[in-house]
Amino acid sequence: MIRFEHVSKTFADGATAVQDFSLEVQPGETLVLLGTSGSGKTTSMKMVNRLLEPTNGQVLVDGHDVMRQDPIALRRKIGYAIQHIGLFSHMTVEENVAVVPRLLGWPASRIRDRVDELLTMAGLEPDEFRRRYPAQLSGGQRQRVGVARALAADPPIVLMDEPFGALDPITREQLQDEFLELETEIQKTILFVTHDVFEAVKMGDRIALLDAGRLQQLGTPRDLVEQPANPFVEAFLGHHHVQLRLMTQRIGPLLEPIDMEMASKDDSETLRESDSLLTALEKMRSAKADRLPVRRQGQPVGIVTRRRLLAALAENLGLSDEPS
Ligand SMILES: Nc1ncnc2c1ncn2[C@@H]1O[C@H](COP(=O)(O)OP(=O)(O)OP(=O)(O)O)[C@@H](O)[C@H]1O
Ligand SMILES: [Mg+2]
């Protein structure tokens, strides 16, 4: 879907931002570019929609070199959400979200329906927010509009450069959760930039860790946590090793068969198989429950008990006290 082949980028002043960068983003996957400030994340991302051009190597989208694709046509099939340039300040929320559908010549009624749908999805009541200008929104609301705009024309590929940056931790977490929820429905190919290791682990199917313009490791969050490829990766993640382990171990192996009492209740908090130990712990705590049902596509597939969960946590923390 998106492929970098030995891509390098050197700017006019001689600064090399990206060096010999190769990776492939699979259809439907969320791949996170993670790295410290200046490591080349934004530069790499901008070469996908031709906001920047590679000095060497190729970026392919749908199998074709982007340099041979019409940039306007290319950008119409790639949604783009960014933190800083953000929204057009002279346009209302509705006009901002409608930019690409308008360019594509959608009829007005279809655009209106789509704007309503996206604002609702982004948690912004359309009648309240449609006619506001960006200056009349909070930072978090602006970022929601930015995400809605990136998804407006239903592009198969979405680029997100720190889309939830500059938010307080609570709002940020809320937007991350909502986006994850949404993402399981829309199944886009997403390239997501962040410098926040927790955000990377939470959002990414895979993570590409960059340092000084070079790819240090590409793998699942768990790969990076459990098998760091080099001392840089180890140091980058090492500070948070315990928390990252709990975030990258999933509850799947803890599943026990569902019981009748659980199966008949459908209003309680539920877990997903892909939930991490930490997420499960948080959900169990807030539900004040000692067991929670696990669902797969809405269907109950088992339960996880608090006892099992605590045992798994203890084991991961090296505290397990196996009965002999
Ligand atoms: N137009 C430019 N001209 C010269 N150097 C640039 C230009 N744009 C970026 N750079 C340099 O390229 C390097 C990578 O920049 P980039 O914006 O890709 O970093 P980043 O990983 O996105 O960082 P951040 O997390 O701070 O956004 C930096 O050293 C930066 O100074
Ligand atoms: Mg950047």
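Helix H8 gives the most to the lining of the largest pocket, with 11 residues. Helices here are DSSP runs of H or I with at least four residues, and strands are DSSP runs of E with at least two, both numbered from the N terminus.

Before I go on, the ground rules. This is a predicted model, in which local features need pLDDT of at least 70 and side-chain atom pairs count only at pLDDT 80 or more, while totals for chains, interfaces and linings use all residues. Residues are numbered from 1 along each chain as its sequence is written, chains are lettered from A and ligands numbered from 1 in the order in which they are written, and side-chain values use heavy atoms, without hydrogens and water.

What is a pocket? On a 1 Å grid over the protein atoms alone, a pocket is an open set of points where a 1.4 Å probe fits, with protein on both sides within 12 Å along at least five of seven lines; a lining residue has an atom within 4 Å of a point.

The largest pocket has a volume of about 1600 Å³, where volume is the space filled by probe spheres set on the grid points, which are joined across faces, edges and corners. It is lined by 47 residues, and Leu 180, Lys 202, Arg 272, Asp 275 and Thr 279 are the closest to its centre. By class the lining has nine nonpolar, 16 polar and 22 charged residues. Nonpolar means Ala, Val, Leu, Ile, Met, Phe, Trp, Tyr, Cys and Pro; charged means Asp, Glu, Lys and Arg; the others, Gly among them, are polar.

The second largest pocket holds about 520 Å³ of space. Of its 21 lining residues, Arg 75, Tyr 80, Phe 88, Val 99 and Val 100 are the closest to its centre. This lining divides into 15 nonpolar, three polar and three charged residues.

Now the ligand. Which helix gives the most to the shell around ligand 1? Helix H1, residues 41–46, does, with three residues. The shell, meaning residues with a heavy atom within 4 Å, includes Phe 11, Asp 13, Lys 41, Thr 42 and Glu 162. It has two nonpolar, seven polar and three charged residues.

Some polar contacts, that is, pairs of N or O atoms within 3.5 Å: a polar side-chain atom of Lys 41 lies 2.8 Å from an oxygen atom of ligand 1, and one of Thr 42 lies 2.7 Å from an oxygen atom of ligand 1.

Note on methods: Polar contact = N/O pair within 3.5 Å; in protein donor to acceptor, adjacent residues only side chain to side chain.
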